[in-house]
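Let's take a walk through a protein together, one step at a time.

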Amino acid sequence: MKCHPARFAPVQEWLPPMSTKPPDKFLVIGLDGADLELIRPWLDAGDLPNLAAIRDEGASGLLDSVIPPVSAPAWATFMTGRNPGRHGVFGFVTERPGTGETSLVSLGSIRGTKLWDVFGAAGRKASVLNVPITWPTPEVDGVFVSGMLTPPGREFTHPADFQAEIEEQVPDYRIDIDRGLFDEKETFREHLMKTTAARGEVIRRMMDREPDWDLLVGVFTNTDRMQHHFWRKEMDRIRELYVLIDGEIGKILERVDRDRTMVLVLSDHGFTNTDRRFYVNRWLRREGYLGVRLVSEFQDDYQKRRFNWFMDEPEEARRKDKLGTRILKRLGLKGELAIDWSKTRAYLYSSDTRGIHINLEGRQPQGTVKQADYEPLRDEIIAKLRELTFLDTGELVCERVVKREELYDGPYLEAAPDIVMVPEIDRYRVVTKIDGKGIFRQHRIPDGYHRQAGVFFASGPGVARGEVDGAALVDVMPTLLYAAGLPIPERADGRVLRDMFTEDLLAARTEERAAEAPDAAEADAGLSAEEDEVLRQTLEGLGYL
């Protein structure tokens with residue numbers, strides 16, 4: 001076993017005894033993108049002693065994410081216990097009905113009772129830090145620090161004065177990564193390490209500020225960020241970050257009442273090798289479903305309305321065109337290849353959804369497909385995608401291709417793509433670009449991207465030792481509420497993971513479902529155009545869009 005500096009208490013000092021009392025405090029640590037195949041060797045080698053202890057002394061298993069396995073719908077499912085058809089978030093951006101424009105999702109986009117709402121309604125205190133898509137910051141009986149997609153310069157804590165404390169006392173704290181550091185790899189790595197340590201410190205300050213918390217949720221998103229940029233090239237860099245986080249978890253656990261607290265560590269999705277690109281819009285164009293035209297920045301409002309106006313913009317495109325090029329653009333003889341909506345029946349507007357939309361008359365602003373042709377067209381495209389193979393290898397590209405109603409259910413189904421693809425073993429990145437000729441691209445050296453299988457470890461009073469099969473992210477909220485003796489919202493889809501509990505806890509708890517108030521209408525986050533652009537560029541830099 002490897003030895004590490006004494007940065008935290010020995011593991012055995014905080015491990016809970018075999019207590020028959022149910023827990024009444026709940027600590028949830030999120031590790032965005034953590035993958036069991038990635039971290040298992042480090043766990044077994046002793047590099048991550050705190051995480052290994054939670055795994056070995058309690059329950060563990062794979063945690064099935066949502067489809068698609070990306071942070072926006074995944075964390076929305078974590079906080080509501082609902083599938084995307086019931087909480088309404090399918091990706092980082094959504095189409096505004098009838099306009100063709102897109103907007104970024106926010107906490108106001110996520111419908112349903114949140115985990116911390118249930119604790120609050122029962123008079124129990126909840127503190128939450130950096131769960132993605134939690135801005136605008138909600139008011140809770142506790143401390144709340146919003147997460148990913150918080151616009152720079154806005155208020156991000158409740159109570160408001162906690163923000164000043166963070167900015168003064170923890171100057172390295174960041175809600176998310178600084179895109180300006182992407183080009184310098186070593187500087188970016190150092191930035192990730194510093195901001196990770198700062199996040200651990202802010203979690204501990206939250207615990208000090210509200211010591212009587214009943215639920216504490218803290219998410220480390222830099223695991224995902226490091227993996228996106230160093231995967232399979234510099235794995236030691238990724239390991240170093242996990243070692244740092246393990247130490248931060250150890251410091252957090254020093255402040256935990258071991259007789260009363262259930263500890264849950266989870267990821268919103270896993271991570272795996274990706275070595276192929278599938279340019280869906282190029283394929284749709286080849287098959288005659290998508291038309292194109294040349295546009296310039298001076299023509300109509302297309303630049304603001306096109307599905308990927310903020311994506312994949314090469315550096316050259318940001319430079320000023322020469323005079324001759326500008327003249328040719330105005331004459332329609334040169335410019336950017338764009339969708340011709342009058343000749344388009346189907347399109348992919350966002351790579352993170354992995355979904356194709358039908359350009360439906362009466363729904364899309366320039367819809368071309370009549371309602372009577374909707375189902376035949378979906379069936380036709382699905383049949384072709386199910387038979388699509390990679391180049392001349394004969395390998396099927398998609399593991400599954402389904403209609404949205406076969407995957408999701410709920411009142412917000414209409415916001416989902418009409419057709420959803422699940423690429424073969426997650427090895428493909430789905431790309432929106434329409435320029436170029438190739439439908440596929442093979443990479444010699446794989447990079448990394450999300451996969452369906454996340455991971456969870458649980459330890460503490462009431463947790464049985466052993467592996468748990470069949471767990472899903474949608475089950476986390478109902479399971480936590482059951483363990484806390486709190487009612488589960490009636491419209492939550494998840495189930496209670498009874499296999500992770502001892503007989504004593506099962507005997508002490510009953511599963512109750514409680515009525516929920518009607519869902520509030522989707523709330524506009526109120527971003528300025530500049531804030532919207534900054535956040536979209538960050539998502540682009542992460543490879544989500």
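Two strands count as paired if DSSP finds at least two bridges between them. With that in hand, look at strand S5 (residues 126-129) in this predicted model. S5 runs parallel to strand S6 (residues 144-145), and two bridges link them; in this pair, Leu129 has Val145 of S6 as its bridge partner. S5 also pairs with strand S8 (residues 215-220), again in parallel, through four bridges.

Are the two faces of S5 covered or open? In a regular strand, side chains alternate between the two faces of the sheet. On one side of S5 sit Ala126 and Val128, on the other Ser127 and Leu129, and all four are buried, so both faces are covered.

Now move to another sheet. Here three strands line up in the order S17-S10-S18, forming an open sheet with mixed pairing. Strands S17 (428-431) and S18 (440-451) are at the edges with a single partner strand each, so one side of each has no neighbour in the sheet. From one strand to the next, the twist averages 45°. Strand S10 (residues 270-279) pairs with S17 in parallel over four bridges, and Phe278 stands opposite Val430 of S17. Helix H8 (residues 222-230) packs on this sheet, where it touches S10 and S18, and its direction makes about 170° with that of S18.

Finally, zoom out. The protein chain contains 18 helices and 22 strands, and 58% of its 545 residues count as buried. Its accessible surface is about 22,200 Å², with 48% belonging to carbon and sulfur atoms.

Definitions and conventions:
Residues are numbered from 1 along each chain as its sequence is written. This is a predicted model: local features need pLDDT of at least 70, side-chain atom pairs count only at pLDDT 80 or more; totals for chains, interfaces and linings use all residues. Side-chain values use heavy atoms; hydrogens and water are left out. Buried means under 20% relative accessible area, exposed over 50%, partly exposed in between (1.4 Å probe, protein chains only). Accessible areas come from the Shrake-Rupley method with a 1.4 Å probe; for residues, only the protein chains shown count as cover. Axes are lines fitted to C-alpha atoms, for helices over the stretch in contact, and angles run from 0 to 180 degrees between N-to-C directions. Contact means heavy atoms within 4.5 Å.
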